[in-house]
Amino acid sequence: MSYLRTFLPWIVFALIPSAHWQWGALAGLVVAAAVTLQQRAAGTAWDALIIETGSALYFAVLAAIAFADPHSGVRDYSATLSSAVLALIAGVSLLIGKPFTLGIAKRTTPQEFWNLKPFIRVNTLITTVWTAAFAVTAVVLGILAKGGHGHSVTSLIVQIAGFVVPMVFTVRYVAVVRARAPQAPGAPQS
């Protein structure tokens with residue numbers, strides 16, 4: 001559920017027809033701001049809201065551009081830019097040593113694991129996979145947009161795959177890591 005909430009603004013934006021991209025950008029901004037505010041009110045730390053905060057900033061800029069000039073050439077590359085911005089946010093989170101998945105994982109992981117090297121290493125790898133998926137998605141969407149297919153069914157399938165592939169990897173990889181992790185003394189055996 002955490003990943004769905006994290007990427008909800010992007011999903012909303014992708015679902016609104018491109019002819020109304022300014023409303024999609026505004027909806028993305030509203031959802032990103034609402035999710036961020038709701039999560040902060042619930043006590044979620046900023047390190048668990050890296051994507052949400054970056055999303056709000058991106059959609060604020062995109063909405064401003066879209067409403068200022070609904071026929072801007074940015075529209076044709078809006079899906080490409082979205083994936084590129086996600087790759088940038090995720091990549092920067094890696095570069096500064098705060099992989100965005102680390103904050104998300106802390107929501108469901110006991111605090112005694114948060115500073116352990118294996119926990120950080122797992123989240124660094126997961127964030128790397130998300131970053132790569134976003135970057136590859138941006139490149140493919142850029143090629144489609146250049147060919148005049150930036151808002152086609154193929155483009156939508158690529159966007160969906162850009163989220164589904166790393167999400168499936170995350171779920172499966174975490175399951176493997178947990179299955180291989182040694183049990184703490186006195187912990188119930190699974």
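Reader: How many aromatic pairs does a search of the whole structure find?

Author: A pair of aromatic rings is described by the distance of the centres and the angle of the planes. In this predicted model, a search of the whole structure gives a count of 13 aromatic pairs.

Reader: Is the pair formed by F7 and F100 stacked or edge-to-face?

Author: The ring centres of F7 and F100 lie 6.2 Å apart, and the planes meet at 85°. Planes over 60 degrees apart fall in one class, so the pair of F7 and F100 is edge-to-face.

Reader: Which helices does the pair of F7 and F100 link, and are these residues buried or exposed?

Author: The two residues are 93 apart and connect distant parts of the chain. F7 belongs to helix 1 (residues 2-15), while F100 belongs to helix 5 (residues 100-106). Both F7 and F100 are buried.

Reader: Which residues form one aromatic cluster with F7 and F100?

Author: F7 and F100 are members of one aromatic cluster.

Reader: What is the geometry of the aromatic pair F169 and Y173?

Author: Four residues separate F169 and Y173 within helix 7 (residues 153-180), which means a separation of about one helical turn. Their centres are 5.3 Å apart, with 10° between the planes. Planes under 30 degrees apart meet the criterion, so the pair of F169 and Y173 is stacked.

Reader: Are F169 and Y173 buried, exposed or partly exposed?

Author: The relative accessibility of F169 is 27%, and that of Y173 is 24%.

Reader: Where is S72 found, and which backbone nitrogen does its side chain reach?

Author: S72 is located in the loop between helix 3 (50-68) and helix 4 (78-95). Because its relative accessibility is 13%, S72 counts as buried. Beyond its neighbours within four places in sequence, S72 is in contact with W21 and I65. At 3.1 Å, the side chain of S72 reaches the backbone nitrogen of V74.

Reader: What is the volume of the largest cavity?

Author: A search of the whole structure finds one cavity of 30 Å³ or more. The volume of the largest cavity is about 70 Å³.

Reader: Which helix gives the most to the lining of the largest cavity?

Author: The lining includes W10, S82, Q159 and F163, and it divides into seven nonpolar, three polar and no charged residues. Helix 1, helix 4 and helix 7 each give two or more residues. With four residues, the greatest contribution comes from helix 4.

Definitions and conventions
Residues are numbered from 1 along each chain as its sequence is written. This is a predicted model: local features need pLDDT of at least 70, side-chain atom pairs count only at pLDDT 80 or more; totals for chains, interfaces and linings use all residues. Side-chain values use heavy atoms; hydrogens and water are left out. Rings of Phe, Tyr and Trp (its six-membered ring) pair if their centres lie within 6.5 Å; planes under 30 degrees apart count as stacked, over 60 as edge-to-face and the rest as tilted. Buried means under 20% relative accessible area, exposed over 50%, partly exposed in between (1.4 Å probe, protein chains only). A polar contact is a pair of N or O atoms within 3.5 Å; within protein, one must be able to donate a hydrogen and the other to accept it, and residues adjacent in sequence count only if both atoms are side-chain atoms. Contact means heavy atoms within 4.5 Å. On a 1 Å grid over the protein atoms alone, a cavity is a set of points where a 1.4 Å probe fits but cannot get out, and a pocket is an open set with protein on both sides within 12 Å along at least five of seven lines; lining residues have an atom within 4 Å of a point. Grid points are joined across faces, edges and corners, and a volume is the space filled by probe spheres set on the points. Ala, Val, Leu, Ile, Met, Phe, Trp, Tyr, Cys and Pro count as nonpolar, Asp, Glu, Lys and Arg as charged, and the others, Gly among them, as polar.
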